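Please read them with the structure open.

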Amino acid sequence: MQDVVEWLKKNGNLKVIDTPLDVELEIPHVAYIEVKKDNSRPILFTKPIYKAKNIEYDIPVLMNIFANKDITRKIFGKEPDIIGREIETLMKFKPPKSFKDKLKMLPTLFKLKNVFPKRSKKRGVCQEVIWQGDDIDLDKLPILKTWEEDGGRFITMGQVYTQSLDGNMQNVGMYRLQQLSKNTLAMHWQIHKDASHFFDQYAKAGKKMPVSIGIGGDPLYIWCGQAPMPHGIFEMLLYGFIRQKNAKLVKCITNDLYVPEDVDFVIEGLVDPNHFAPEGPFGDHTGYYTLVEDFPVMEITAITHKKNPVFAATVVGKPPLEDKYFGWATERIFLPLLKPLAPDLIDYNMPENGVFHNLILAKMHHKYPGHAKQFMHAFWGVGQMSFVKHAIFVKEDAPKLEDYDELTKHILNRVSKENIFISEGVVDHLDHASPKQFVGGKLGIDATGNEVEKRVKDITDEELLQKMQELDSNILALKTYYKDSANPITVIAVKKIESMQFVFKKLEPLSEYISILVAVDSQNNDLNNPYMLIWRVVNNIDAKRDVILEPFIAIDGTNKNHLDGFEREWPKDAHCTKEVLDRLQKLKVIDIDDEFIRRFGLLEFNLYDKK
């Protein structure tokens, strides 16, 4: 990490903040604001402090490492698309038929020799300092607390190394880790993840599970920890393939796991299958708090580190976030792994404000009726793609998937009720909108067909709002997008006093003016901010409950409660703490205005309901 810091100074426009700042709220708030800027930069906090316990750290905190696409490319050493094509070449690898073919194969074979990690019998630089017994104290690490209502301090960029009970499979994942005490952590490995599957094996055998957590080192380790590798494939193989050098691993001090020899910290321990504790709440990358839930507890047996370590961390909340650049690289590199399962796939894109699992756009070679629906089933059955809630498919003549404005027009000119498919399947552990945890509605839109005719009459927003308010006075504001398309989108802000199903029913007499109607709460939504409206709606809907198709397409993007028959607890938005923002402004470590605060939903606001 010291090398990374020097590299970022030369190559990444590293911002260095020498002002003493608290690991609770202050440092995370600065990083959260930085990542939302167009010219986002990595940040090194040289003087972290822990005010609540009067601790001054001599360990700097490095955040926003993947600050933009340019830095991400440099971390990978090449364009992620190129890495994807190299993987595709490897997947099409065929036995040579001639001596000439063997010669052609040599470059590929040469690359493969670097794939497999090397295990060293020596200690690594990550083990220069060793804490055991009474020396173990997580308070000595500048672990962050990001949000005011978080359940505590969380390690947010930990590389969690685990292996199967028989030792035949290794895994590294990135899971949040809540500090419970000086020597225990809560392991938030979600039910669908490999580490959780390994844990089930140990629990069945009645054995404690060894776990080691790496922090820092080569930034590519961090990315590998969240890479959606096929089950049973160790992510360090991908590291070797990309870096073109073998990952060098060393055995941990108190368990038999191996970790990269050059990470800055290693936290070793055991997870007892009989020891669970409440974990959370935590303001997560969905932009909402995830609720308190019991997770396994890791009992720490050792902490090792370099002599001059750097603590790597990230911050999550509402988009845009640093994970948009993780996601971009993942998307490009893993495209070839999707193509064998969906051979006519051309490209796909997971918009950052869809927080990845909530929205996917895909371009395909459309060959026969029902082809797009076939793709929907394929996507919803493939690894982590199975968590995707909403999928929109276009064919090869569509605009580029990253050209969201033109692509939206293209889709709206082809949307019809007949080409909307609603199904059900697994949803992400963090999804809060489904009536039942882990299972929820799926929405697929087939926009591969011909253009459809516009069927609604033109009317001004002012006129339409007036007509709506005559039917329901709790509709407070309205804005229509893409009026020139075949299916304009009308968004309304509502003071919710009843289920939106009843409101949609009241508005049926206005169907001649409405093609697609989207409802959001009046609180914390700005109808002139489509970026955050998309974030809100794809987070908040369960397609089976919240999408109706007659007499117009209506989507209920409001927060759900007892009015909707919703029995789960609905989480809060992750908001910054105003006093912290004000203090950081006075210290001149941030410089933001009210427009910035509202644009990214940093604080609560209400533009429409002034009562």
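1. Basis. This is a predicted model, in which local features need pLDDT of at least 70, side-chain atom pairs count only at pLDDT 80 or more, and totals for chains, interfaces and linings use all residues. Residues are numbered from 1 along each chain as its sequence is written, and side-chain values use heavy atoms, with hydrogens and water left out. Helices (H or I, at least four residues) and strands (E, at least two) are DSSP runs, numbered from the N terminus.

2. Four strands make an open sheet, ordered 1-3-6-21, with mixed pairing. Two strands pair if DSSP finds at least two bridges between them. Strand 1 (15-17) and strand 21 (311-313) are the edges, and each pairs on one side only. From one strand to the next, the twist averages 20°. Strand 1 runs parallel to strand 3 (residues 43-45), with three bridges. K15 has I43 in strand 3 as its bridge partner.

3. Helix on that sheet. Helix 2 (residues 26-34) packs on the sheet and touches strand 1, strand 3 and strand 6 (61-63). Contact means heavy atoms within 4.5 Å. The direction of helix 2 makes about 170° with that of strand 3. Axes are lines fitted to C-alpha atoms, for helices over the stretch in contact, and angles run from 0 to 180 degrees between N-to-C directions.

4. Three-stranded sheet. A second open sheet to check has three strands in the order 7-15-16, again with mixed pairing. Its edge strands are strand 7 and strand 16, each pairing on one side only. The twist here averages 40° from one strand to the next.

5. Both senses in that sheet. Strand 7 (residues 118-120) and strand 15 (residues 248-251) run parallel, joined by three bridges. Strand 15 and strand 16 (residues 258-260) run antiparallel, also through three bridges. A hairpin of six residues connects strand 15 to strand 16. L249 in strand 15 stands opposite R119, and P260 in strand 16 stands opposite L249. K251 faces Y258 in strand 16.

6. Helix pair. How are two packed helices described? By the angle between their axes and the distance between the axes. Helix 7 (residues 219-226) and helix 8 (residues 235-243) pack at about 135°, with axes 9 Å apart. That angle makes helix 7 oblique to helix 8. Angles under 35 degrees count as roughly parallel, over 145 as roughly antiparallel, 65 to 115 as roughly perpendicular and the rest as oblique. The crossing is right-handed, meaning that the near helix is turned clockwise from the far one by less than a right angle.

7. Residues at that crossing. L220, Y221, W223 and C224 in helix 7 meet E235, M236, L238, Y239, I242 and R243 in helix 8. By class, this contact has eight nonpolar, no polar and two charged residues. Ala, Val, Leu, Ile, Met, Phe, Trp, Tyr, Cys and Pro count as nonpolar, Asp, Glu, Lys and Arg as charged, and the others, Gly among them, as polar.

8. Helix 11. Which residues are buried in helix 11 (residues 404-412)? They are L407, H410, I411 and L412. These pack against strand 23 (360-364), strand 24 (390-395), strand 28 (489-494) and strand 29 (516-521).

9. S423. This residue lies in strand 25 (residues 420-426). S423 is buried, at a relative accessible area of 18%; buried means under 20% (1.4 Å probe, protein chains only). Setting aside neighbours within four places in sequence, S423 contacts W380, G440, G441, K442 and K544.

Key
Buried means under 20% relative accessible area, exposed over 50%, partly exposed in between (1.4 Å probe, protein chains only).
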